[in-house]
Amino acid sequence: MNVANERFSSELASHAHHEAHEEDHHGPGAKLVIVGYGFWIFLLSDIVMFSAFFAAHAVLQDSTDGGPKGSELLSIRNVAYETACLLLSSFTCGLILVGAEARRMAWTQAALIATGLLGLTFLVLEVREFTEMISQGAGPQRSAFLSSFFALVGCHGAHVSVGLLWLGTMMAQLFVKGFRDDILRRLLCFNLFWHMLDIVWVAVFTLVYLVGDAR
Amino acid sequence: MFGKLTLDAIPWDQPIPLISGAMVVVLLLGLLAWISFKGYMPYLWREWITSVDHKRIGVMYALLGLVMLLRGFVDAVMMRTHQAVAFHAPGYLPPHHYDQIFSAHGTIMIFFAAMPIIIGLMNFVTPLQLGVRDVAFPTLNSTGFWLTASGALLVNISLVVGEFSQAGWLPYPPLSELPYSPGVGVDYYLWALLISGAGTLMTGINFVTTILKMRAPGMTYMRMSMFCWTTLASNMLIVAAFPILTATLIMLALDRYLGFHFFTNDGGGNMAMFLNLIWAWGHPEVYILVLPSFGIFSEIISTFSGKPLFGYRSMVIATLGICVISFIVWLHHFFTMGAGSNVNAVFGIATSVIAVVTGVKIFNWLFTMYGGRIRYQTPMLWSLGFLVTFVIGGMTGVLLAVPPADFALHNTVFVIAHFHNVIIGGVVFALYAGITFWFPKAFGFKLNETWGKAVFWFTIIGFYVTFMPLYVAGLLGMTRRLQHYEVAEWRPWVVAATFGVAISGIAMICQFIQLYVSIRDREALRDKTGDLWNGRALEWATSSPPPVFNFAFLPEVKSEEPYWEMKQRSMRTGHLADIGAYQPIEMPRNSATGFITAFFATMAGFSLIWHIWWMVVVSIVAAYAGFVWFAWRDKDEYTVPASEVEKLDQERRLAREAWLARQVNASEAI
């Protein structure tokens, strides 16, 4: 481990020490901790936003207005591929941080590209599913059930798209600026974001596709 | 090319918005010309618009809020005077215009008056009370402010370009859906709130992180000031509640723009879901506003009673209790929807429980005053006015929490009177109290006391004369939002309320005079000690106004009232605390990111409202480019040299030594 990296982890360790001894509180936390913590709070708020869409879907999933039901529309095979892509991308996303810890540019960039390609494949599969449904006359305008389906799954897809844009920007930044402290903090935040999308996807997979397929 | 936007969007046939809009435009252009002519533009850009200093941002938030408070008040005057003459008569406002006014009044007062002033005070005070140099994310803070301003701007544009929503301050479907609100009014509402809501969420994230992760050495949770605690609670509510608002408004926007069926009459849409979602945000929102207000009163009552806050721990528990319970009472806003008696009973009881927790706070404030040497200066008058007024509002709230009573009172002006009772008596009084209390800290001179007291008395009397009659009219069955009416029994009460609003108008005028007189006499009102009110928390430990870095040395905190304790120690020992060598201080650099983001957000919002699709794309791409440009910069901090720190801090210490000498002399004289 090189010097900068030791500081990366010692910052964390010393902060953990502060928290353990609340009585002799040592003042403001380390920047890495503050940024990571703040980003977690943002992710929590994002999860709350998803939960509103989940709630709407739960309320509206039987309001098909005489239109197609979930079991007539949803393809478990397609969604299995999507899930595989996203879960794999979480693994490669973890490799980004491993590469960054080791300060290996090629490794880190390769992991970033792999994550991006898997994310892109996921998006393509999702867009294909959406266009197929719309071409069958099962678009979001058909019924409240489909409105909530497209809004919830689309909201997740929009997050993945924004994540890809961020990922591309990070690749360029990392290439130009190298493993600077602020770049490392951003990579950490990107990791948190990407894993959060995975967690939300697990809920989408279960509550929208598995439950929906049974209806 | 310009979507739905044509010259007909300007209401040529309606003189009121046209003339007032023209006046505002002329005033703004005049102000801009004056600023450019005087050469103040570079100063304004450098020191304010691109500032990431939490104190500057706090002041800008408060200014924005005060301007919008005036706009909301003008709406209120129009509604009250209109109802006074609209008995067996059409009044002077056509129905569509009247509907816009009550919608704009509520939207503006909550989102663009109360919220900005509250957030402004949190911004200014919290880092000072925590004994730190800034918030966790200074640039995000600036972005949050400018996005809020962007939302406010869109609401004001709707005055002269197109129209505002006619669907009330919460756009209930199906009225807010496309078939019943085909104009751009609801779209103005949606995008103004989505943009400013994003700004508010940024504030929430920033302050939760700041309070939990950035406190002066030794400041444990149980040593934080009550205002910091309530700020924390309020911002946790923002983080948990505002995303629900965003999601709900996105759903409504999808219905209106892309033909979705979330809340529509047809296609299986569910209107009741809108009520549930919007109030799952809406009720916590009430506490987002009132909890910091409680914090302000806690600081003021303890300072002006010369005593520590009574029952500090119970106050913390009560604050967090309200924080949690506020999420399980939302259904009391629509008991009449028909969820069934058991559901109504649960929510009715939960609502009443909040009154118990709030009662704990009221008694704590009373016991803080008990046995204290109370100084009746303006901030304390507001606090006393609050205690009396808020208890009345609380009791009518408990009355409304009883479902059978609510069935009789739902949608009457009794409800209007109730929530104005708690929001004016709780939040607005707190804003006035807080501004009076912290104004000297922000600007280095205090506000004129005589005119401040005049503002207080006219406001409180104006409030009672306006809203007590509305309680009666509500009990007589008068429903809210009436453009005209024929019931003779309501008339005297409506006329009485008009007198009340006139008295409130006098209060507004007094407020302007107070500002004018105070700024004119600022040399006589100057505070050199930094501790004008004999304060107890850390914001008084630095000079007024504080230097950009707040504290030359981060204070060592040893108790719940750190500054009070420091002063006691100095008086015992006869000298100020020793200091080490001055160190250079790293501070965040200015950034135009917030302003640029908000500029393009306004553009995106406006073009979405008018369906100018190419401009939507352009503004989003531009906003992203601005974001990357910000992310690309290499230096985000600058250094204040040790000599500069020393110079500024030595001035403060000289003033404090003079103060200490006076204290020691005074005690020797006794």
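Predicted model: local features only at pLDDT ≥ 70, side-chain atom pairs only at ≥ 80, totals over all residues.

I began with burial in chain A: of its 215 residues, 36% count as buried (20 or more other C-beta atoms within 10 Å of a residue's own; 12 or fewer is exposed, in between is partly exposed, and C-beta atoms are placed from the backbone).

Residues are numbered from 1 along each chain as its sequence is written, while chains are lettered from A and ligands numbered from 1 in the order in which they are written.

Next I checked confidence. Chain B averages a pLDDT (the predictor's confidence in each residue, from 0 to 100) of 95, and 100% of its residues score at least 70. For the complex, the predictor gives an ipTM of 0.94 and a pTM of 0.95.

Then I listed elements. I found seven helices and zero strands in chain A (DSSP runs numbered from the N terminus: H or I of at least four residues for helices, E of at least two for strands).

I turned to where the chains meet. The contact (C-beta atoms, placed from the backbone, within 7 Å) takes 36 residues from chain A and 38 residues from chain B. On the side of chain A that touches chain B, the largest share, 16 residues, comes from helix 2 of chain A.

Last, I looked at helix 6 of chain B, residues 185-213. This helix is mostly covered, with 27 of its 29 residues buried.

Definitions and conventions: Expected span 1.5 Å × (residues − 1). Contact = placed C-beta atoms within 7 Å.
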